[in-house]
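The questions below ask what stands behind the terms used for this structure. Each answer sets a value against a definition.

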Amino acid sequence: MNETTDIRSDLQAPANAALAWLNEQRGSEFELTGLIDAPEMDGLSTQSYEFGLVVCNGEICAREQIKVVPTANGYEFSTVPLEAPEIPPLLDPPIGLRRKWIDEQLGKYEFILLLYYRGRW
């Protein structure tokens with residue numbers, strides 16, 4: 001598993017386009033916070049490939065596995081189901097968002113309970 005929060009320049013365009021597609025498909029307002037299992041791009045400009053988008057919308061963070069098919073006019077996307085993923089689909093907010101999220105939740109509720117299970121929040 002390869003996780004990155006700084007998206008390589010060769011993956012910026014497909015990652016941003018995949019995010020726009022995902023938001024349009026789901027009617028959501030996710031922001032891209034990283035990539036998981038980003039492929040090496042040698043010779044992939046015309047071949048299909050997959051990567052995991054790590055997206056957050058202020059309340060939840062999720063991993064979405066996306067198949068990218070380059071076309072003459074850009075890209076075509078589809079979601080790929082994960083079988084027993086090492087990283088679960090719903091994620092703990094990234095470190096920069098966690099404090100903001102906790103503060104927002106404490107503003108709504110008298111207390112919150114955080115569970116840590118097998119290395120995952």
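Contact here means heavy atoms within 4.5 Å, and helices (H or I, at least four residues) and strands (E, at least two) are DSSP runs, numbered from the N terminus. This is a predicted model, in which local features need pLDDT of at least 70 and side-chain atom pairs count only at pLDDT 80 or more, while totals for chains, interfaces and linings use all residues. Residues are numbered from 1 along each chain as its sequence is written, and side-chain values use heavy atoms, with hydrogens and water left out.

Q: What covers the buried residues of α1?
A: The cover includes β2 (31-36), β3 (49-56), β4 (61-71) and β5 (74-79). The buried residues of α1 are Leu11, Pro14, Ala15, Ala18, Leu19, Leu22 and Asn23, where buried means under 20% relative accessible area, exposed over 50% and partly exposed in between (1.4 Å probe, protein chains only).

Q: How do you know that the span of α1 is close to the expected one?
A: The expected span of a helix is 1.5 Å times one less than its number of residues. Helix α1 (residues 9-26) has 18 residues and reaches 26 Å from its first C-alpha to its last, close to the 26 Å expected. After α1 comes glycine 27, with a positive phi near 65°.

Q: Why is β3 called largely enclosed by the rest of the structure?
A: Of the 8 residues of β3, 7 are buried, so the strand is largely enclosed by the rest of the structure.

Q: What makes a set of residues a nonpolar core, and which members touch the most others in the largest one?
A: A nonpolar core is a set of buried Ala, Val, Leu, Ile, Met, Phe, Trp, Tyr and Cys residues joined through side-chain atoms within 4.5 Å. The largest has 17 residues, of which Leu11, Leu35, Phe51, Leu53, Val55 and Ile66 touch the most other members. To this core α1, β3 and β4 each supply at least two residues, and the largest share, 5 residues, comes from α1.
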